[in-house]
Amino acid sequence: MRELTGAQARRIALAAQGLTAPRPASGSVGTRHLGGVIDRLGVVQIDSVNVVARSHYLPFFSRLGPADREALDRMRDAAPRRLVEYWAHEAALVAPATWPLFAGRMRAAQSEAWGGMRQVHAEHPGLVKAVLRGGLIAAR
């Protein structure tokens with residue numbers, strides 16, 4: 001077994017994440033580059049936090065520099081879709097080719113998702129009905 005120094009391990013980790021490759025020339029970032037980031041990372045978490053920018057744009061910026069955010073959105077929103085949203089632990093963008101890899105999670109979600117809500121329903125059967133009919137909204 002070969003041992004690595006801390007510096008070697010850091011360089012390997014940064015390269016594996018695509019953070020050491022040169023950025024494309026300014027203004028030339030296209031869907032091929034954006035797709036390359038997804039291919040390398042597999043999953044990019046979506047988060048609505050937008051102190052600087054919506055967080056799912058940041059992994060692309062850190063690897064490619066300034067990129068057309070609308071192009072990334074079109075990859076998700078317009079046919080042919082090159083990205084899909086999926087709850088991959090958290091809301092995420094994944095390549096359509098990656099999406100089937102979550103089939104086991106999808107099957108498990110049918111019976112295991114919302115476990116807390118299922119427990120509340122079992123322990124307090126009238127509560128869910130009351131919430132659905134609006135009976136628990138506090139008066140102001």
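Residues are numbered from 1 along each chain as its sequence is written, and side-chain values use heavy atoms, with hydrogens and water left out. Because the model is predicted, local features need pLDDT of at least 70 and side-chain atom pairs count only at pLDDT 80 or more, while totals for chains, interfaces and linings use all residues.

The protein contains seven helices and three strands. Here helices (H or I, at least four residues) and strands (E, at least two) are DSSP runs, numbered from the N terminus. Their order along the sequence is α-α-β-α-α-β-β-α-α-α. The radius of gyration is 21 Å, well over the 14 Å that the globule rule gives for 140 residues, so the protein is more spread out than a compact globule. This radius is taken over C-alpha atoms, and the globule rule is 2.2 Å times the number of residues to the power 0.38. Along its principal axes, the C-alpha trace spans about 60 × 45 × 35 Å.

Buried residues account for 24% of the 140 residues. A residue is called buried under 20% relative accessible area, exposed over 50%, and partly exposed in between (1.4 Å probe, protein chains only). The protein exposes about 10,200 Å², and carbon and sulfur atoms supply 58% of this area. Accessible areas come from the Shrake-Rupley method with a 1.4 Å probe; for residues, only the protein chains shown count as cover. Contact means heavy atoms within 4.5 Å. Among contacts between residues at least 6 apart in sequence, 42% join residues at least 24 apart.

Charge was also counted. There are 19 positive and 11 negative side chains. Lys and Arg count as positive, Asp and Glu as negative, and His and the chain ends are not counted. The centres of the two sets lie 2 Å apart, with each charge placed at NZ of Lys, CZ of Arg, CG of Asp or CD of Glu.

The largest nonpolar core holds 15 residues. Such a core is a set of buried Ala, Val, Leu, Ile, Met, Phe, Trp, Tyr and Cys residues joined through side-chain atoms within 4.5 Å. Leu-34, Ile-38, Phe-60, Leu-72 and Leu-83 touch the most other members. Two or more core residues come from each of α2 (31-41), α3 (58-64) and α4 (69-77). Apart from residues up to four places away in sequence, Leu-72 touches Leu-34, His-56, Tyr-57, Phe-60 and Leu-83. A second, separate core has five residues, among them Tyr-86, Ala-88, Ala-92 and Phe-102.

Helix α2 buries His-33, Leu-34, Gly-35, Val-37 and Ile-38. The cover over these residues includes β1 (43-45), α3, α4 and β3 (90-94). Just after α2, Gly-42 takes a positive phi of about 85°.

Arg-76 belongs to helix α4. The residue is buried, at 17% relative accessible area. Beyond its neighbours within four places in sequence, Arg-76 contacts His-56, Arg-81, Leu-83, Glu-85 and Leu-93. The loop between α4 and β2 (84-88) holds Pro-80. A cis peptide bond joins Ala-79 and Pro-80, with omega at about -5°.

Two loop residues meet elsewhere in the chain. Val-29 sits in the loop between α1 (6-16) and α2. Val-29 is buried, at 15% relative accessible area. Setting aside neighbours within four places in sequence, Val-29 contacts Pro-24, Leu-64, Pro-66 and Ala-67. Pro-66 is in the loop between α3 and α4. With 61% relative accessibility, Pro-66 counts as exposed.

Some residue pairs were compared by their C-alpha separation. Val-29 and Glu-3 are 26 residues apart along the chain, and their C-alpha atoms are separated by 38 Å. Pro-66 and Ala-9 are 57 residues apart in sequence and 28 Å apart in space. Met-117 lies in helix α6 (residues 115-123) and is partly exposed, at 49% relative accessibility. From Met-117 to Gly-35 the separation is 82 residues in sequence and 37 Å in space, C-alpha to C-alpha.
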